[in-house]
Every structure is written in C-alpha cells, then in structure tokens.
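Please look over the model shown here.

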Number of protein chains: 4
Amino acid sequence: MPSVPWKTAITRIEPNRVAVRGYDIADLMGRVSFGEVVYLILRGELPSAEVGRLMDAILVSSVDHGVTPPSVNAARTVAGTGASLSQSVAAGISSINRWHGGAIEDCAIQLRRIVDRCERDGGSLDDAADAELAQMKTRGERMSGFGHRVHTKDPRTARLFELASQSGATGTCVAAALAVERAFGRVGKSLPINVDGAIGAVLADLGFEQGAMNGLFMIARTPGLVAHVVEEQTRQKPMRHIDPSAHTYDGPPSREVSQR
Amino acid sequence: MPSVPWKTAITRIEPNRVAVRGYDIADLMGRVSFGEVVYLILRGELPSAEVGRLMDAILVSSVDHGVTPPSVNAARTVAGTGASLSQSVAAGISSINRWHGGAIEDCAIQLRRIVDRCERDGGSLDDAADAELAQMKTRGERMSGFGHRVHTKDPRTARLFELASQSGATGTCVAAALAVERAFGRVGKSLPINVDGAIGAVLADLGFEQGAMNGLFMIARTPGLVAHVVEEQTRQKPMRHIDPSAHTYDGPPSREVSQR
Amino acid sequence: MPSVPWKTAITRIEPNRVAVRGYDIADLMGRVSFGEVVYLILRGELPSAEVGRLMDAILVSSVDHGVTPPSVNAARTVAGTGASLSQSVAAGISSINRWHGGAIEDCAIQLRRIVDRCERDGGSLDDAADAELAQMKTRGERMSGFGHRVHTKDPRTARLFELASQSGATGTCVAAALAVERAFGRVGKSLPINVDGAIGAVLADLGFEQGAMNGLFMIARTPGLVAHVVEEQTRQKPMRHIDPSAHTYDGPPSREVSQR
Amino acid sequence: MPSVPWKTAITRIEPNRVAVRGYDIADLMGRVSFGEVVYLILRGELPSAEVGRLMDAILVSSVDHGVTPPSVNAARTVAGTGASLSQSVAAGISSINRWHGGAIEDCAIQLRRIVDRCERDGGSLDDAADAELAQMKTRGERMSGFGHRVHTKDPRTARLFELASQSGATGTCVAAALAVERAFGRVGKSLPINVDGAIGAVLADLGFEQGAMNGLFMIARTPGLVAHVVEEQTRQKPMRHIDPSAHTYDGPPSREVSQR
C-alpha cells in the first residue's frame, strides 16, 4: 500500500504560516468576521462585506432552537451516560440529516427547479410555482421549508430576507420562495416560508453548493449543542430520562440588544 | 417513568419568538456577529464590541489546520466509506479531546495556577512561573500550549495577543503565558507559546469555564471539517488510504486580505 | 512525517489467510462459537469449552433491555432524523459509558478490592465486605452493580452464576459479590446483585482487563441496537418525539426455548 | 407535545423478566449461542441448530481483518486523541457503510436479481448471470462481492459455503453466486466470490432483510474494533499518525484450533 499523492485546495501549512484559501489566518484575524471565514472556507473566496454580514446573520439565525430538536435530545441523552463533551456534541451533529436541518437543502433544490422552469417556459414565477407544486403533488412530494409546528410568522424569516435584500446578493430564489407562499395562499393554505426555507432560498441565490448547505446548519448549531451539553453536565443528574415537553425556561428575561 | 420537570437557561421558544439568553434571535441578526452570539450562548451575556471582535478572531484562528490533524483524518476516512456529511463531521468532532484541542483547556488551568501562586506567595509572575514549572517537572507533568511541531513563531499568537490587548479584557493569564516563555528561555529552551496556549490564556482572562473551552475549539473547527468532508466527497474516490504526508496544496496562491 | 513502524498482536493478514491471534479464521468457523472468538480476540487465547459457553451466556444476557436505556433512545432519536444504520448504531454505542454499562467495570474493581482486603487482612470475605462498604460510605462512594430499578430478583443473575459455577472458572469475586449481598442484608438493605454486577464478578474471576469490560457490553448490545434502529426505520415516522414510557410491546407472546 | 403511544416487537421488560421476541433471556442463556440470539433478535424466530451454527460462523468470519480497513483506522485515530473506548468504537462503526461492509447487501440484491430473472425467463442460472452481467455493464454498474485486493482464493468463502450446504438452508442465491464466478470465467476474468459476497449470498438464501445485512457486519466487527482500540490505548502513544502499511504483526504464531 504505497502512499498515493493527493491534493487539497483548502489550507496550506508552512512554517509560521497557515493560509486558508490563500489568506494567512493571522491576516484574517480581527479583519473579517467568523461568518466571512465560514463563507471563505466553503466557497473559496471572501464575500463582500454585505454578504459577510448576511452570513453572520444566517449563522446567528440557526444557533439554537431550545430543547426539542432531536440533535439536542441526542446530545443530552448521550451526555447523561457520562460521555465527554466531544462525544455528546458529535451525537448532536449526527442528528442533522434529511429530516432535521435538511429542509434548507431540499427547499433550495425545489426553488431552483421553479426558477429553471420559469426560465425554460417563460411566464411568471407565480405560474412556475403553481405548475411545479401541481407536479410535486402528483409525485406525492412535499414542498420543504414552508410551515412550522410552532411559528406561524417567524420574525427570523422577515429579518433574513431584509438583510438579504440589503446585501444586493439575492434574487430569483428568494422571489420564488415568495411565489410559493402566494401559490399556497391561492389554494387556501397558510404555509409561510420558515427559517430553514428562507436560508435555503438565500443560499441558493448566493450560489452555494447543495452538498454544503446542511454543513452550514451544522456550523451554526454547534454552539447551541455545546451550550446544551455543558448545561446537562453541570445542572442535571446522569441517566435521567429527558422529556423535552417537561422543561421550563429559567434564563434571563426578555431583553433588547440595544440595552447592552 | 413519569416525566420529571426540568429547567434550561439557554433558549426560550414561544410562538414567533426564539430568544437566546433573553435576546430575540431576530433582533440579534444583523446587529451582532456570530462570534458575539457564541460568547452569548456560552456565557449568558453579550460581550462588549471589543471582546466580540476578539471572539471572532479566536474562532477564525482555529478554523482549520490543513490535512494532518486527527480530526480531519478521521472525518475524511469515514467520508471515504460512503458516510453522510453529518456522520463524517461527527467523527471529526469526536477527535477533539485531551490530545487534540485539549491544550487550550490544559494551558488555561496551568496558567491560572501560576497566577494563583503569584497572588498567594507574592513575588513576580516570573518567580511564580519558575516555581510552578519546577514543581510540574517533579510531578512529570508537561506545560501545555508551548512549542509546536511546525511553527516556531506563530503569527496567529502575536495577532491574538495584540487583539486581546486592544480589547482591554486580558490581563494576568496572558502575562503569565509570557512569563512561562521567559522561564523556558532562562533554562535555554525555546518553547514559544502556540496558538492553543494563547487561546487558553485569553479565554482564562475572559473568565470562560474550563468545561466550555474545548467546546469553543469544536465550534471553530467545524467549518474546516465540513470543507474537508465536502472536498473528500467531491474530489476523491471512496476507500482510498489517506496519507496526510503525501498531499500537496493546489488552492489559490498567497493573497492579502486588503486585496478583496 | 515519515511513516513510523508499529506492531499489532491481533490479526495477521496474508494472501488467502486471515489469522486472529494465530488461528486461521477459516479454521475457527464452524468449530468455535462467536462467544469463544470474542474471548479469543480480547484475551489472546481460546477459552475452554465451558468458559466459551459462559462467554456466549454473558453476551446473550446483555443483548437487549427494551426501549428505555439511553443507548436505544439515542440510536432511535438519531435514526428518526434520516440517519443511516451505522450512524444510528454508533450513537447508541456512544451512550455506553460510566453510567450505562459501566457498572460492570466499576463492580469488578470494587469486588477485587474486597478480595484483596480479605487476602491482606485475613478474616472472612464477609468481614472484608463489611469493612470495604463502611470505608466506601465514608468516602461517599456507592457500590456498583447492586439493586435495580425494575428487577428485584433478576433470573439472569442466578442463571449466570449457575453457568459460571459449572465452568469451574469462577471463584473469589463471585463469592465476594454474594458477601456484599449478605452485608447489605445485615444492615437491613435488600440490594441483590444485578446482571451488570454479576457479569463484572464473573469477568473479574476470568481475569479480564478492566479496560475491555465495557467493550464486552458494547459487543453484547450491538445486535439490540441494530434491531431497534431497523424497527424505528421501518415502523415509525421520522422526527417523532420518542417517549419510552408510552410504548407497549406487540411482539411474540411468551414462549419457551424447548418449544423450538 | 403530548406523548404518542407506540409499539415495539423486540423486547418485553417486566419485573424479573426480560424477554427477547418472547423468549426469557434467562432461559436462552446457556441453551443457545450468541449467534442464535443475533438471528432471533433480527429475524424474530430462533434458527434451527444448523442455521444457528451457520450464524456463528458468519459472525466469526468477519470478526476482524487487521489494521487496514477504514473502520479500524478511524477507531484508532480517534482513540489516539484521548477518546474513550465507546467513542472510538463508535467512530469505527460509523465507517461501516456502502463501501466498507456494504458489499454484503449489494451482492445479495444483485444475486436476487439473477435468481428472479432465471425464474421469470426460464433457462439456467448461467444464462441469467450472463444476461444480468451484460445489462449491468451497459448501466456502468459493478458486481459487488467478487474479487479481492489481497485474497485470490479466500478459504473463508469455501468454508462458509460448506457450512451453508450442511445447514440445508441455502440454495438459489449461493448457486447464483457460483454462476457469476463461472460467467466471469467465460469472459476470461478470474473474479472469485469474496467473503462479503459469500455472506450476502447466504443471508439472501436465509431470507434476511436487506436493511439488516450491514447490521450483521457491524455486530461481527465490533469485537475487532474493541480489541484494536484497547491495543491502541495500551500499546501506543497518543496523536501518532497511523500508517497501516508500516505495521508488522507480533502476536502468537500460526496455530491450529485442534491444539487447544
């Protein structure tokens, strides 16, 4: 089994120099945000300052969603057996798959199909949304990224579209997402785009590869998983059965960012 | 097994409101960086703008270190068997333990011991560093976070200390780290503080809990792991034996941040 | 990073020959049970036929314990997100730690301490058990492997001790376990040895290394984890919240082995 | 989120009774082998004694394959970072996917297609194998489970077919596997069925569900993973780069089962 030469385009390590996609990390530090570096390492280029700010907002939007998601449940359950931090967080990451976080990627694919259909057939995005949804219905396929168990009008979605619009980087896929909302409305369904769908629309407009979209969700959610595991290890006894519906929140009361 | 009520202080979920440590995520989006939200979710409070910038720099400093670390090796090896993205990234996270990333926490503990000794015994930090290193030697204990296989003078360290100093938030643990460097010098050893040790010093000065320090490294490294797994899945054949020493870099050439 | 030569004593691979601890696998097939090969690969030698039968019984005793253990909960939770079989089973394995399965190893250590004390101090095992339990009480340490949430008199324990006795391989640690039961009785506590404690006693008498005892539990439980994940994937919808206390059993009714 | 009732058909837990698929575990212990219980928990019924012996042989055949498979590489790499036993074994399990172990399932599917074609079209299994291989070629699909990097004539395969034949339980899929060997021979290729392919053929004849076949490989390989992790933890230094091609075997010399 002789060593086979191979190549990587991510990071070059030389004595006293670590360069990600060509940029010395020491130069990036203090000059660009972590969100911009996430964009850089996944896409190969630094984003504009506006898109960088959008990347930070996308990551912030998904940092945590309380104790009910399966990733938190798995991470806390594993932690309760005496597992290490990394082992517990890894169990959480392992839960980010098609049905948890995957709506980002699925919605992006579906919105692109609507955009492609619109370009191919002419007509409006609304026409294309109607046609695509009809075809999905015959295939028994559901539109991902619309509707939510808890949130009927998610303020994270509105905020994300606002920031996306300010960045000047978004376009047809976000427009297609709004067309889908209207299409649902025309058949009497109130299925607003949720935060996963909104992220999928924005990432599709930014040109992200589908394979990396779920990865962005993993990056965003890791701080939440770390916080939950540390809390489980410090506040709870081992081996408890964790019933998410039995929890109450006892953290800081509601406060505004401007207060800091 | 009736449900036992329990509490969490991290995130409150209400219809159309997701609040982390009291702050509505929709309000945080576009106003604070992801690094500031990482600080918030782990510490319970938003940092000052200066410390927020430092947090981003810490995360940027550790985003990737090429193909040799065991976390990348494990993630790419698992990816090569046909594993999903989340499964491969989880294998990488699972590799962040005492000997990989753990120097951050170990160094923080050791520097705090030097600071405590200095406060207890009086005298200078240099005296305390000499005394602590001597005692560690008799116990057969190594100082963590000093020296590096590849980097003799890591520019990330200098940059981190510069930004820490600008933030006004650092103090005795960073000073203790420099005292340890001098102590090594007095006995003829050139063991400069490395980036893990520098992060440990800064986090200790910021008051981070030890249990969360390794978590910060996991958060920082996840984008690197995602990038490596996506690259393995798209550029390489399954089931290859991965020899890190047989790789070459073929990404963008050296470039400067100001060029963007 | 030149390759450093290293050694392994487990399996030799040559063209058309795979030999575990010196034995050609093709020769082992059909001649020894899987339990005997588990013993071989962990200990380096084949067991006697009687100890081999005991090994199979130990593995059988721990193959599954229904849907309440955290390993099953974690595995099913991860499976419900769309994870693969290996990813879900790995989450279950990751839950086998100090507080889940770990009683085997902990109890073995504690029983050996009683045996050591008895040999050192002279006197009976009952005296040593009393003394050790008293000392543990002052240290705030609990005896592992005694008592059970559900089972007051576990028939698996009696059966295991019976088979261990027949194997001729057990001795002082099993005797110490019975001495501990009597010691609890003398202070009015009914804390019978449970199946984990019984396995720990038997493995200690067989001379197993402590580091491998939890591994034996992982080997035993993997079939159960596979069965639960396959059932979750085939009988349940994705993303359900899994409440173990809400389950009922609808498998085959009670039946006897002799009926087959 | 009220609890939703759900059902499981695997294990019933009652006070002092743990019953797998209806059989009290205490009754199974000492009466049936672990291989038979693996069959029971996956299939729902105890096998005949002959098929039970075959199950043990299948598990024995795959218990380990030295240090080159990615599962061992991942497990040892993770172990070297200071990970726990369960965390390291879980990384190994996570490597058992389509390209590692997956040939069992893939080959079973392909052999069943040949058997189905034979039944549908009439003619011989050789005709069906030729036709199926030709069609696979046009689709760019490879036959799984034939040929091996190291073994040209794997004695485990011959032994497995011998035991399968003795069990009286095998038939058309094993016959189809031999027909594929002959079909390769007719076009001048020497691609003997390998041990994964042979297991796939036997499991297909036994009627195993495809989804559980890779699970059987995980069950078989877990003891090997435990042994490798324990060896890594006890014989090696942390954080070494593991080059499988640089290893030598220093375990017991060749010996015969009858010698014990």
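Two strands pair if DSSP finds at least two bridges between them. Strands (E, at least two residues) and helices (H or I, at least four) are DSSP runs, numbered from the N terminus. In strand 1 of chain B, B:T8 is the bridge partner of A:Y249. The pairing joins strand 5 (residues 247–249) of chain A to strand 1 (residues 6–8) of chain B, in the parallel sense, over three bridges.

This is a predicted model: local features need pLDDT of at least 70, side-chain atom pairs count only at pLDDT 80 or more, and totals for chains, interfaces and linings use all residues. Residues are numbered from 1 along each chain as its sequence is written, chains are lettered from A and ligands numbered from 1 in the order in which they are written, and side-chain values use heavy atoms, with hydrogens and water left out.

**Chain B against chain A**

The size of an interface is often given as the accessible area lost when the parts come together. Buried area is that loss for two parts (1.4 Å probe), summed over both. The table gives the values for this pair.

| Item | Value for chain B and chain A |
|---|---|
| Buried area | about 9500 Å², 65% of it on carbon and sulfur atoms |
| Residues in contact (heavy atoms within 4.5 Å) | 112 residues from chain B, 112 residues from chain A |
| Salt bridges (side-chain nitrogen of Lys or Arg within 4 Å of a carboxyl oxygen of Asp or Glu) | two |

One salt bridge links B:E45 to A:R255. Their closest N and O atoms are 2.7 Å apart. On the side of chain B that touches chain A, helix 11 (residues 210–235) of chain B gives the largest share, 16 residues.

**A buried glutamine**

Where is B:Q110 found? B:Q110 sits in helix 6 (residues 103–121) of chain B. B:Q110 has a relative accessible area of 4%, so B:Q110 is buried (under 20%; exposed is over 50%, partly exposed in between; 1.4 Å probe, protein chains only). A polar atom of the B:Q110 side chain lies 2.9 Å from the backbone oxygen of B:R142. Leaving aside neighbours within four places in sequence, B:Q110 is in contact with B:M136, B:E141, B:R142, B:M143 and B:S144.

**A hairpin in chain D**

Strand 2 (residues 11–14) and strand 3 (residues 17–20) of chain D run antiparallel, joined by four bridges. D:T11 stands opposite D:V20 in strand 3. The two strands form a hairpin with two residues between them. In the turn, D:N16 has a positive phi of about 65 degrees.

Terms used:
Polar contact = N/O pair within 3.5 Å; in protein donor to acceptor, adjacent residues only side chain to side chain.
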